[in-house]
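These are my notebook entries from a first reading of one model, taken element by element. I wrote down what I looked up and what I found.

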Amino acid sequence: MDSGISVTAVTTPALFTGPPETPAQVVRVRIRRDRPAGPLYVTVDGAGVGTPHPRIVRADTAEDHEAHEAHEAHEAHEAHEAHEAYEGHEGHESQGVVQGAAGAGSALESTVEVAVRTGAAAPGELLAATAQVTTPDGRPLAELPFGLTVAEPGWTVRLVPHFHYDPMWWNTQAAYTALWDAPRKPGEAEKGWEYQGVPAFTLIPLHLQQACEDPAYRFVLSEVDYLKPYWDTHPADRAELRALIADGRVEIVGGTYNEPSTNLTCAETTVRSAVHGLALHRGTLGADPRTAWQLDVFGHDPSFPALMAGCGLDSAVLARGPHHQWGPMADTWGGPLRAPAAMQLPAEYEWIAPGDSGGQGLLLHYLPAHYSAGWFSHRAPDAEAAAEQLLELYELLRTAAATKNVLIPMGTDFSWPHRWGLDVQHTWNRRYCWPRMEHSGPRAHFDAVRAEFAARGERPLPVTREMGPVYTGKDVTYSDVKQAHRAAENLLEQAETFAALACAEGLLDYPAQTLGKAWRHLLHAAHHDAVTGTFSDQVYLDLLPTWREAHELAAAVRQEALAALTDAADTRGQAPSADAAGTREPAPLAATVHNPVSWTRTDLVRTSVDLAALGLTAAQAHRISVRDAVGRRAPVHVEAAGDGVAEVVFLAEEVPSLGYRTWWLEASELPLSGGWEPADGLVVENEAFRAEADPERGGGLARLLDRRTGQQLMSAGEVDELVVQDEYGRHPVFGEGPWHLLPKGPGTGSGSAPATSCRVERGPLGARIVATGRTGPVRWTRTTTLWDGLDRVELTTRVDEFNGSDHLLRLRIPADVPGAVPVAETAAAAVGRGFAFPEADAGADHTRAPWTLDSPCLNWFALSAPLAGPDRALGAAEIVLPDAGTPDGLREVDWRAGDGSSTSPSPPSPPRRRPARNRRPVPSSPSPRTAPGR
């Protein structure tokens with residue numbers, strides 16, 4: 001007989017109820033009733049499966065069915081109206097959508113949770129079971145066989161409320177801090193599109209308010225860019241904020257000035273970021289930050305974990321890298337999630353700096369579902385729906401967790417407290433014993449991870465691999481700001497060095513305030529939306545004075561310190577001689593060369609010469625010579641002469657580290673010096689190299705001989721060239737134009753056509769090849785220079801004219817180093833990398849090469865063999881672990897092997913500690929590429 005009752009679905013979420021010591025697993029049974037029925041008893045039974053207490057479902061009433069039918073009729077009416085409106089939209093072609101009828105005969109469905117015992121079955125084991133619905137006296141009404149996946153109790157879910165804050169991106173710091181939600185003034189133009197959010201001066205009070213209303217609420221604060229202005233302008237909140245910090249309900253994270261893009265800045269900038277960040281966090285707020293909070297950063301220096309460990313931090317959280325910008329679980333922001341099966345590593349591991357760091361590092365939590373993972377449940381219609389979304393997220397994330405601890409970030413950019421977060425936590429913990437749910441900061445998560453590792457007698461996997469590349473376009477977008485930042489960094493480091501030396505000699509007071517202000521400018525501009533160039537035009541204009549003033553302050557300090565040091569030096573030299581009539585020659589001009597680096601240096605020096613002081617005119621500039629302390633005279637290269645001044649270059653040899661040497665510029669009787677003069681042939685050479693150009697191939701170098709070894713450095717049949725590639729304005733799949741390098745294929749090289757001109761020029765200090773030409777929209781001049789006394793080849797390309805748009809310019813040097821891989825200097829290390837995909841079409845086949853995988857370097861890159869394998873050099877290596885687990889000594893092997901290469905230990909199979917339970921269909925997509933060079 002048809003009972004009108006059926007079991008339509010059974011799911012086995014990783015939930016437990018009852019006492020935590022003897023928990024019962026929750027099985028959810030979906031029951032359909034075609035007419036009022038009940039009371040019902042629901043059980044789950046099978047081999048090794050039992051239900052100690054049947055779940056009782058009360059009898060349906062006519063009112064229940066009437067309310068259900070009214071609800072379905074309302075939803076059907078709204079869906080019909082939406083469909084009609086869609087069909088009426090211009091250009092729409094009807095797809096034959098049929099609306100189902102609601103009303104009479106509509107079934108009532110509900111889900112009941114049954115507490116089940118699984119005996120001694122191990123987590124992950126699949127047991128045959130049957131869900132049954134009976135009457136109270138045991139008469140069967142419906143059943144459904146299913147496979148019960150045994151779950152694991154003892155897990156904890158930590159919800160971490162935060163708001164990611166960009167002090168500059170789409171808007172300026174002033175707007176993001178205080179003015180963003182101010183009402184539009186009368187007559188003010190209406191705003192165009194902008195990212196919607198709330199400024200920091202509103203967000204902090206909202207989170208403080210939530211903490212005051214519910215003692216279970218915890219949240220994090222981080223960046224100096226908004227914390228310092230808030231602290232200064234809201235003194236009434238200081239005591240409350242300090243009290244919440246002391247109570248552990250506000251956790252200060254970060255330990256840096258903001259979230260810097262450390263692969264575009266020097267190590268000193270990273271350290272100063274920590275110095276200034278911790279000065280506020282520890283010194284002013286009284287906090288003790290332990291976690292580097294690098295959520296949105298898309299450039300991680302491999303040495304960052306060692307530098308932060310040296311500053312007293314012990315952990316880090318980041319979202320971008322090593323699985324491209326959105327991580328292994330999604331292809332676009334807010335898109336559907338899949339299980340993190342592509343992850344080679346668990347979500348927690350020890351991030352170690354390679355090379356000479358001594359194995360220092362941080363316990364890292366990588367956010368597989370990104371830093372907005374938990375925020376999307378904010379849009380749920382009620383707390384129960386939000387809890388279901390968080391449960392689905394937890395079941396995906398736990399498959400990547402290294403321990404029974406899952407961290408879910410409950411915020412996004414400029415986000416207020418989560419609408420349902422506390423309601424979900426309180427209801428969840430009343431209903432379930434496992435997993436436990438709590439609002440927390442990251443410190444509790446890392447403490448629990450360490451405690452579980454210790455209890456198991458294990459340590460997290462040690463990893464030196466790079467956390468990138470991510471968003472390769474940010475390394476070249478707005479290249480002028482990167483040049484400005486690096487110039488200011490270098491100048492500021494020199495200024496500090498020379499000021500410290502002058503202070504130590506008692507020549508001047510150390511200008512700490514001036515240097516501190518210059519550093520703060522650079523720390524602010526080191527943010528991942530500033531030096532990267534991924535900002536709006538108004539932010540660009542807002543930031544330009546930052547770099548300019550930093551440079552001006554550093555230049556002034558350096559000039560003052562050098563003047564003091566030079567004045568204290570003995571620069572008298574040899575007295576000028578007199579002729580028979582007693583007329584003395586003009587006194588030579590002392591040029592004191594200071595060396596700010598830590599090694600003895602020989603290099604070119606450029607300086608200006610007052611011609612009148614040497615008794616010369618502009619036409620006589622070729623008579624300038626330079627003399628060292630023992631009287632050896634040498635020529636100078638005259639770059640320009642006019643208006644009483646000559647710009648000259650001379651070779652300064654063996655200048656000691658942090659010391660100085662003095663040379664004297666004087667007038668010679670004979671013309672020793674000069675500028676560039678035309679010469680015959682297409683070959684230039686010095687003691688170290690011999691270079692030959694091919695004018696038929698754009699004037700590129702066809703041969704480059706190392707005269708010391710006899711090795712040809714260029715690949716046979718190729719030339720160095722400028723490559724011009726067409727680019728997509730934005731990624732055809734992912735959008736975000738400025739963040740990506742988007743070539744449409746190999747492009748056109750300058751070597752594909754003859755040069756417009758190609759000539760050799762010689763001067764008193766060396767020789768050069770100068771070629772001009774045009775490649776597509778680019779008119780260029782390319783210069784190869786060999787200086788006497790220097791063992792380097794200078795390659796310079798100048799863009800003289802550009803009349804295109806959306807083009808990428810590359811320099812291609814076909815160096816002949818068989819078997820080598822790229823090696824790049826980073827802020828405090830040198831690491832091997834892959835060759836990337838420079839000739840890819842980033843849009844035509846985004847499953848193969850959606851990104852070019854280019855990476856920046858600090859000062860130099862090379863081809864080398866950092867780690868030799870059996871048949872090739874290795875830039876990035878994988879250490880495959882035995883089935884028995886992590887061997888002793890792996891950590892030391894890993895960081896020592898990192899002298900030029902980055903390594904990742906991994907188990908023989910992917911780190912899926914527990915099977916994923918996808919409770920809704922997840923669309924498939926291509927696996928993202930991991931680190932280059934594997």
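Entry 1, helix α12. Before checking a helix length I wrote down that the expected span of a helix is 1.5 Å times one less than its number of residues. I kept in mind throughout that the model is predicted. I then looked up α12, which has 14 residues, and found that its first and last C-alpha atoms are 20 Å apart, close to the 20 Å expected at 1.5 Å a residue. Next I asked which residues of α12 are buried. I listed Leu515, Gly516, Ala518, Trp519, His521, Leu522, Leu523, His524 and Ala525. When I followed the buried residues of α12 to their neighbours, I found them packing against α2 (173-179), α4, α6, α11 and α13.

I turned to α6, residues 267-284, and repeated the length check: its 18 residues should span 26 Å at 1.5 Å a residue, and since its end C-alpha atoms are 25 Å apart, I noted that the two values agree. I also looked along the helix for a bend, and found a kink of about 30 degrees centred on Leu278. Leu278 is itself one of the buried residues of α6, a list in which I also read Ala267, Thr269, Thr270, Arg272, Ser273, Ala274, Gly277, Leu280 and His281. The buried residues of α6 pack against α4 (224-233), β11 (250-252), α7 (304-310), α11 (479-504) and α12 (512-525). Just after α6 I came upon Gly286, which takes a positive phi of about 75 degrees.

For α6 and α12 I read an angle of about 105 degrees, with the axes 10 Å apart. Angles of 65 to 115 degrees count as roughly perpendicular, and α6 and α12 are therefore roughly perpendicular to each other. The residues that make the contact are Glu268, Thr269, Arg272, Ser273 and His276 of α6, together with Gly516, Trp519, Arg520 and Leu523 of α12. Sorting the contact of α6 with α12 by class, I wrote down two nonpolar, four polar and three charged residues.

I then looked up helix α8 (residues 383-397) and helix α9 (residues 421-431), whose axes come within 9 Å and cross at roughly 80 degrees. I noted that α8 and α9 are therefore roughly perpendicular to each other. From α8 the contact takes in Ala383, Ala386, Ala387, Leu390 and Leu391, and from α9 it takes in Asp423, Val424 and Trp428. By class, the contact of α8 with α9 has seven nonpolar residues, no polar ones and one charged one.

His370 has a positive phi near 80 degrees although the residue is not a glycine, and I located His370 in the loop between β15 (361-366) and α8. Is His370 buried or exposed? With buried meaning under 20% relative accessible area, His370 counts as buried at 5%. Phe414, likewise a residue other than glycine, has a positive phi near 55 degrees and lies in the loop between β16 (405-409) and α9. I recorded Phe414 as buried, its relative accessible area being 0%.

Pro545 and His521 are 24 residues apart in sequence, and their C-alpha atoms are 9.3 Å apart in space.

Conventions. Residues are numbered from 1 along each chain as its sequence is written. This is a predicted model: local features need pLDDT of at least 70, side-chain atom pairs count only at pLDDT 80 or more; totals for chains, interfaces and linings use all residues. Side-chain values use heavy atoms; hydrogens and water are left out. Axes are lines fitted to C-alpha atoms, for helices over the stretch in contact, and angles run from 0 to 180 degrees between N-to-C directions. Helices (H or I, at least four residues) and strands (E, at least two) are DSSP runs, numbered from the N terminus. Angles under 35 degrees count as roughly parallel, over 145 as roughly antiparallel, 65 to 115 as roughly perpendicular and the rest as oblique. Contact means heavy atoms within 4.5 Å. Ala, Val, Leu, Ile, Met, Phe, Trp, Tyr, Cys and Pro count as nonpolar, Asp, Glu, Lys and Arg as charged, and the others, Gly among them, as polar. The bend at a residue is the angle between axes fitted to the seven residues ending there and the seven starting there. Buried means under 20% relative accessible area, exposed over 50%, partly exposed in between (1.4 Å probe, protein chains only).
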